[in-house]
Amino acid sequence: MPELYAYTDGACSGNPGPGGWGVLMLAKEGDAILKERTLNGGEALTTNNRMELMAAISALEALTRESTIIVVTDSAYVKNGVTGWIHGWKRNGWKTADRKPVKNADLWERLDTAQQRHKVEWRWIKGHAGHAENERADELAREGMAPFKKARA
């Protein structure tokens, strides 16, 4: 049975500013890549964290049936949020421990819904450290941002 991976990344030019997200999805058997799919997009005015979240959301929402997937992100914000913080936020009605509204709650709720359909393993890797798949996701994120960056110039 092939393993499914989604390498996700977000990018922003200015924070806030034009941003993009990218996803490299791979079906692998051992070291062999059986299938590859890329996704990307962007927004005119956003933040890096929102783009990191959109990459993860887009990867999970792209799956048409219940799947087992490994999502690899270089965002500690996404990894820590989805595997830890989110449980308290949900219990507290999308408020932080100090009762403030959770930033990007709209996207956290969307990510939570998207992941419930699947068996997801979340992995964090260091960004810009020579991981080929992460570099490709970064490239896709920058491509997703490009039209919004030009519109602003």
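I began with Ala27 and found that its bridge partner in β3 is Lys35, in a model that is predicted, where local features need pLDDT of at least 70, side-chain atom pairs count only at pLDDT 80 or more, and totals for chains, interfaces and linings use all residues. Residues are numbered from 1 along each chain as its sequence is written, and side-chain values use heavy atoms, with hydrogens and water left out.

I then looked up the strands around this pair: β2 (residues 17-29) and β3 (residues 32-46) run antiparallel and are joined by 12 bridges. Strands here are DSSP runs of E with at least two residues, helices are runs of H or I with at least four, and both are numbered from the N terminus; two strands pair if DSSP finds at least two bridges between them. In the hairpin of β2 and β3, two residues lie between the strands, and Gly30 takes a positive phi near 65°.

Next I followed the whole sheet, which is open, has five strands in the order β3-β2-β1-β4-β5, and shows mixed pairing. I noted β3 and β5 as the edge strands, since each pairs on one side only. I also checked β1 and β4, which pair in the parallel sense over five bridges, and in β4 the bridge partner of Thr8 is Thr73. Helix α2 (residues 76-91) packs on the sheet and touches β4 and β5, where contact means heavy atoms within 4.5 Å. The direction of α2 makes about 140° with that of β5, with axes fitted as lines to C-alpha atoms, for helices over the stretch in contact, and angles running from 0 to 180 degrees between N-to-C directions.
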